[in-house]
Amino acid sequence: MCPAFRPRSVAPLRYSRGLAQIHDRCDFAWRALCGRGNIKILMQPLRVTIWNEFIHERENPAVARAYPRGIHQALADAISRESGVSARTATLDQPEQGLPQAILDDTDVLVWWGHAAHEAVEDRLVTRAQERVLGGMGLVVLHSGHYSKIFKRLMGTGCGLCWREAGERERVWVVNPGHPIAAGARDCIELEQSEMYGEPFAIPTPDDLIFVSWFEGGEVFRSGCTWTRGSGRIFYFSPGHEAYPIYHHPDIQKVIVNGIHWARPQGRPADVPRNVAVEQAREKLTRKGPSVHDAAGRVASRSGGA
Ligand code: ZN
């Protein structure tokens, strides 16, 4: 029942026809929402796992000053301020590189930050994460994660770009203000110090381009892009060089939080293959031709010879 209205039996005297019509519509919408199992999704916090290789923060003094507890913890602190979000962290040095199957299965959106140790990430972990994305898990890839194995695997391209580390100004321009990931963002986000990432960026054409960055040295870059792979949504956002405290910037935090919400699973995964027996067809059907499948729908094996 719609919680905004009391039942007619409770307040019959003050229930006008107009109010009853509003109630009926609202009640119908509420029941429809609940009836499809969506209430479970609405009630559960969004389960976010922030993965970080966690290397430069422990080896480079400038990075340690910006992120004394690691980039992953800075992001987790910002994301955890959101209601309805449950954030955990995972790092490369943990068992199974921080992402055993049980953690991935318990993750709605995976956030990925890596730079120095892309090659250390095991291919079987990349495959596990890829399968989860294809099955509906969201993926938010940050900054140098453009060269991570998981991002390159899902893009299917080299994902290279040009870069310069000069502490120059970056303006992150919003080019798609109606997109949910840009919600609440101003015309542009000004970063006093950033690493330049420049075009050409070797990615497939994004489904949506939301941010384009300009750098003091003159380059431009597609800094906020989305794709869908299988049933999973992917958001790439480039600001976040580890030598500068970019993830403490409230506007950058807001974009990442928006990206996490946008990337949340959208429903049943599409890639669930199953054989539909002739007898189970929605309309009465008889087999009309030869088949290469057995009764269970398996492809018949070759019986000798080529
Ligand atoms: Zn960087």
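Biologist: In which sense do E8 and strand E9 (residues 232-237) pair, and over how many bridges?
Modeller: They are antiparallel, with six bridges. Two strands count as paired if DSSP finds at least two bridges between them. Strands (E, at least two residues) and helices (H or I, at least four) are DSSP runs, numbered from the N terminus. This is a predicted model: local features need pLDDT of at least 70, side-chain atom pairs count only at pLDDT 80 or more, and totals for chains, interfaces and linings use all residues. Residues are numbered from 1 along each chain as its sequence is written.

Biologist: What stands opposite Arg229 in E9?
Modeller: Gly232 does. E8 and E9 make a hairpin with two residues between them, and Gly230 in that turn has a positive phi of about 60°.

Biologist: And how many residues sit between E7 and E8?
Modeller: Four, again in a hairpin, where Gly218 in the turn has a positive phi of about 115°. Strands E7 (residues 208-215) and E8 (residues 220-229) are antiparallel over six bridges. Ser213 has Phe221 in E8 as its bridge partner.

Biologist: Switching to H9, which of its residues are buried?
Modeller: Ile252, Val255, Ile256, Val257, Asn258, Gly259, Ile260 and Trp262. Buried means 20 or more other C-beta atoms, placed from the backbone, within 10 Å of the residue's own.

Biologist: What covers them?
Modeller: The cover includes E9, strand E1 (46-52) and helix H5 (71-80); contact means C-beta atoms, placed from the backbone, within 7 Å.

Biologist: How much of the chain is buried?
Modeller: Buried residues are 35% of the 306. The chain has nine helices and nine strands.

How values were computed. Buried ≥ 20, exposed ≤ 12 C-beta atoms within 10 Å, placed from the backbone. Contact = placed C-beta atoms within 7 Å.
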